[in-house]
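I opened this model to look up a few things for my notebook. Here is what I went through, entry by entry.

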Amino acid sequence: MSFCSARFSATDRRTATPRLVPIAVGLSLALILSGCGYHTAGKAVELPQNVHTIAIPGFVSHSQTFRIEQLLTDAVVREFDARTQYHVVHDAHGDADAVLKATVLSASASPLAYDSQTGRAVSALVTVSIQVSLTDRHGKVLFENPSYLFHDQYELSRDLTSFFQEDSPAIDRMSRDFAHTLVANILEAY
């Protein structure tokens, strides 16, 4: 008789069930004790204790996208001010305990969807690649990510007379998303 077609008698089921209970209890206990990787809300994870001031000089851009480095810098400064107790300064040559530097490696917009009747693009995807490093005053790397990649979609205007540059709101949204992610990553690294 094969395993799939085997039938258990009532006595087989009664003896198998008590053996499964300790296994089920053990697995449940292991899951509870592991905590599944979640942290309690409001738990403060911070950079090394000697870091009180973070310099965030203007980011550098290697892309042709107008002012993207300014939007990203401003968003990161706002996020640090809103979420942390660190004093943020703009001058990297001062008495900052750490310096956050970022370089926009590329920024591009590409058509995402087309109108089937006219063949014109109706939405686009903006993609930005950013390199980030946070170093202490002695040059020791506290945090580094050489390849942040962020995307945002935006709709293109169909009316050319009322056309305005729709990618600006998309870049604003993406700047806020980047800042939120970056600050969270830095704080959770410690």
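**Entry 1: salt bridges**

I began with Glu79, which counts as buried because its relative accessibility is 15%; the cut-offs I use are under 20% relative accessible area for buried, over 50% for exposed and partly exposed in between, with a 1.4 Å probe and protein chains only. I found a salt bridge between the side chains of Glu79 and Arg83, at 3.5 Å from N to O. For the term salt bridge I take a side-chain nitrogen of Lys or Arg within 4 Å of a carboxyl oxygen of Asp or Glu. Glu79 and Arg83 are 4 residues apart in helix H2, so about one helical turn separates them. Helices here are DSSP runs of H or I with at least four residues, strands are runs of E with at least two, and numbering starts from the N terminus.

A note on the ground rules: this is a predicted model, where local features need pLDDT of at least 70 and side-chain atom pairs count only at pLDDT 80 or more, while totals for chains, interfaces and linings use all residues. Residues are numbered from 1 along each chain as its sequence is written, and side-chain values use heavy atoms, with hydrogens and water left out.

How many salt bridges does the rule give? The count comes to 3.

I looked next at Asp152 and Arg173, whose side chains meet in a salt bridge at 3.2 Å, N to O. Asp152 lies in strand E6 and Arg173 in helix H3, so this pair ties together parts that are 21 residues apart in sequence. Asp152 is buried, with a relative accessible area of 12%, and Arg173 is partly exposed at 30%.

Then I took Arg137 and Asp97, where the closest N and O atoms of the salt bridge are 2.6 Å apart. Arg137 sits in the loop between E5 and E6 and Asp97 in the loop between E3 and E4, so the pair links parts that are 40 residues apart in sequence. I note for myself that side chains of opposite charge can pair when their charged atoms come close.

**Entry 2: around Asp97**

Is Asp97 buried or exposed? Asp97 counts as buried, because its relative accessibility is 13%. Arg137 is partly exposed, with a relative accessible area of 47%. I listed what Asp97 touches, leaving out residues up to four places away in sequence: Asn50, Val51, His52, Thr53, Thr135, Asp136 and Arg137. Contact here means heavy atoms within 4.5 Å.

I also checked His138, which lies in the loop between E5 and E6. His138 counts as exposed, at 71% relative accessibility.

**Entry 3: the nonpolar core**

Which residues touch the most other members of the largest nonpolar core? Of its 38 residues, they are Ile54, Phe80, Leu100 and Phe178. Such a core is a set of buried Ala, Val, Leu, Ile, Met, Phe, Trp, Tyr and Cys residues joined through side-chain atoms within 4.5 Å. Two or more residues come from each of helix H2 (68-83), strand E4 (98-114), strand E5 (121-136), strand E6 (141-155) and helix H3 (167-188). H3 gives the most, with 9 residues.

I followed up on Ile54: among its contacts beyond four places in sequence are Leu47, Phe80, Val88, Leu100 and Leu134.

**Entry 4: strand pairing**

I count two strands as paired if DSSP finds at least two bridges between them. E4 and E5 run antiparallel and are joined by 15 bridges, and Ala109 has Val126 in E5 as its bridge partner. In the hairpin of E4 and E5, with 6 residues between the strands, Gly119 takes a positive phi near 80°.

Strand E1 (residues 53-55) pairs with E4 in the parallel sense over 2 bridges, and Ile54 has Ala98 as its bridge partner in E4. Strand E2 (residues 60-61) and E4 also pair in the parallel sense, over 2 bridges, with Val60 opposite Thr103.

**Entry 5: Ser63**

My last stop was Ser63, in the loop between E2 and H2. Ser63 is buried, with a relative accessible area of 14%. Its side chain makes a polar contact with the side chain of Ser61 at 3.1 Å. By polar contact I mean a pair of N or O atoms within 3.5 Å; within protein, one must be able to donate a hydrogen and the other to accept it, and residues adjacent in sequence count only if both atoms are side-chain atoms. The backbone nitrogen of Thr65 lies 3.3 Å from a polar atom of the Ser63 side chain.
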